[in-house]
Amino acid sequence: MSDTDLKLDMLRKMLMVRHLENAWGDAYLNEEIGGIPPALSTGQEAVSVGACLALEDGDYVFTTHRGQAPQVARGLDPNRIMAELYCRLPGYNKGKSYHVTDFDRGVVGMGGIVAGQVPVAGGMALAQKLKGTDRVSICFFGDGASNEGVVHETANLASIWDLPLIMICENNGYCISLPVSREINTAHIADRAAAYGIPGVVVDGNDPVAVHQAVSEAVRRARSGGGASLIEAETTRMGGHLAHDPQRYRPREEIEAARAACPIKRFSARLQEEGLLTADGFSAMEAEVVREIEAAVAFARQAPTPPAAEAFEDLWA
Ligand SMILES: Cc1ncc(C[n+]2csc(CCOP(=O)(O)OP(=O)(O)O)c2C)c(N)n1
Ligand SMILES: [Mg+2]
């Protein structure tokens with residue numbers, strides 16, 4: 001893919017994440033669907049998009065509770081994602097979960113246990129190493145998750161065993177309502193990489209090109225036997241922790257500043273400055289994405305729910 005095509009693909013995928021998630025959030029707030037309120041990646045789209053576009057077919061992605069962005073970024077079908085979120089039969093998990101998983105695209109995930117996917121990703125990286133493949137695994141986790149014991153255990157083993165694992169800490173400034181300044185007493189989470197003996201970098205998580213470069217470098221190293229990396233992508237949660245969160249714990253000015261610095265607006269402006277896109281071109285791209293998401297919602301609404309007789313199938317305990 002040319003550099004221009006890659007950048008346009010990044011912008012399109014960021015728009016796709018934003019509109020798919022907005023539609024999901026609306027469906028929840030309008031009481032069309034129930035369950036746990038959606039955890040949206042609004043403002044964080046550049047992290048998943050930049051990272052997933054650095055992968056090849058056959059690589060693995062382990063997602064968090066904020067998992068829709070990597071699913072879209074990895075090219076999963078929006079109709080089937082939406083069907084899963086509406087708990088409908090054509091969904092990726094036959095409408096019985098909303099933890100969208102697609103082994104064909106290496107999207108393994110997502111789970112409600114904070115940091116729970118990190119050791120599983122380490123296990124996949126170990127399996128690939130033992131099998132002698134050159135497949136890499138990336139796992140996303142949050143700033144809050146970075147303090148869980150399993151993250152440290154995984155990083156240490158991945159270092160000792162030179163595992164093809166890229167650990168991406170998506171630092172969005174908050175663990176629910178707790179600001180990162182009250183979670184962590186160091187300037188950067190990536191500083192911990194020195195203690196594990198692996199490379200650690202901090203990257204602007206609102207710039208998909210910067211994320212893509214950092215992850216591509218880590219992927220090259222992992223694929224060629226050079227072992228694990230820790231990447232901290234600094235980003236901002238534009239919305240609440242979950243879709244229904246009014247964020248009363250957060251200063252208004254901070255939320256307004258986050259909205260003003262929207263990474264989609266910023267990247268669109270940059271591509272226009274670089275002469276890769278016109279304002280009309282951006283509007284047309286967004287309109288096309290909106291149509292695709294409207295079609296995905298219509299697809300999900302008309303799809304059947306899973307048969308009650310299958311409620312106890314596909315369970316693992
Ligand atoms: C092991 C565990 N502890 C606590 C929770 C409750 N919980 C759900 S999301 C969340 C915040 C996680 O923060 P972070 O890792 O920064 O991710 P973010 O939500 O910001 O993407 C917490 C504490 C949980 N689901 N699992
Ligand atoms: Mg966080």
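**Exercise 1. Determine which strands stand at the edges of the open six-stranded sheet with parallel pairing.**

Solution. Step 1: read the strand order, which in this open sheet of six strands is β2-β1-β3-β4-β8-β7, with parallel pairing. Two strands pair if DSSP finds at least two bridges between them. Strands (E, at least two residues) and helices (H or I, at least four) are DSSP runs, numbered from the N terminus.

Step 1: take the ends of that order. β2 (107-108) and β7 (200-204) are the edge strands; each has a single partner strand, so one side of each lacks a neighbour in the sheet.

The model is predicted: local features need pLDDT of at least 70 and side-chain atom pairs count only at pLDDT 80 or more, whereas totals for chains, interfaces and linings use all residues. Residues are numbered from 1 along each chain as its sequence is written, and chains are lettered from A and ligands numbered from 1 in the order in which they are written.

**Exercise 2. Describe how β3 is joined to β4, and state which strands helix α5 touches.**

Solution. Step 1: β3 (residues 137-142) and β4 (residues 165-171) run parallel and are joined by six bridges. Gly 142 stands opposite Glu 170 in β4.

Step 1: helix α5 (residues 117-131) packs on the sheet and touches β1 (60-62), β3 and β4. Its direction makes about 170° with that of β3. Axes are lines fitted to C-alpha atoms, for helices over the stretch in contact, and angles run from 0 to 180 degrees between N-to-C directions. Contact requires C-beta atoms, placed from the backbone, within 7 Å.

**Exercise 3. Classify the packing of α1 against α4, α11 and α10.**

Solution. Angles under 35 degrees count as roughly parallel, over 145 as roughly antiparallel, 65 to 115 as roughly perpendicular and the rest as oblique. A crossing is left-handed if the near helix is turned anticlockwise from the far one by less than a right angle, and right-handed if clockwise. Ala, Val, Leu, Ile, Met, Phe, Trp, Tyr, Cys and Pro count as nonpolar, Asp, Glu, Lys and Arg as charged, and the others, Gly among them, as polar.

Step 1: α4. The axes of α1 (residues 3-29) and α4 (residues 78-85) come within 11 Å and cross at roughly 25°, so the two helices are roughly parallel. Met 16, Leu 20 and Trp 24 of α1 meet Pro 78, Ile 81, Met 82 and Leu 85 of α4. The contact has seven nonpolar, no polar and no charged residues.

Step 2: α11. The angle between α1 and α11 (residues 279-302) is about 40°, with axes 9 Å apart, which makes α1 oblique to α11. The crossing is right-handed.

Step 3: α10. α1 and α10 (residues 263-273) pack at about 155° with axes 10 Å apart, and are therefore roughly antiparallel. Their crossing is left-handed.

**Exercise 4. Describe the surroundings of ligand 1.**

Solution. Step 1: 14 residues surround ligand 1, the closest being Val 114, Gly 142, Gly 144, Ala 145 and Cys 175. A residue is near if its C-beta atom, placed from the backbone, lies within 6 Å.

Step 1: the shell divides into six nonpolar, six polar and two charged residues.

Definitions and conventions: Two residues are in contact if their C-beta atoms, placed from the backbone, lie within 7 Å.
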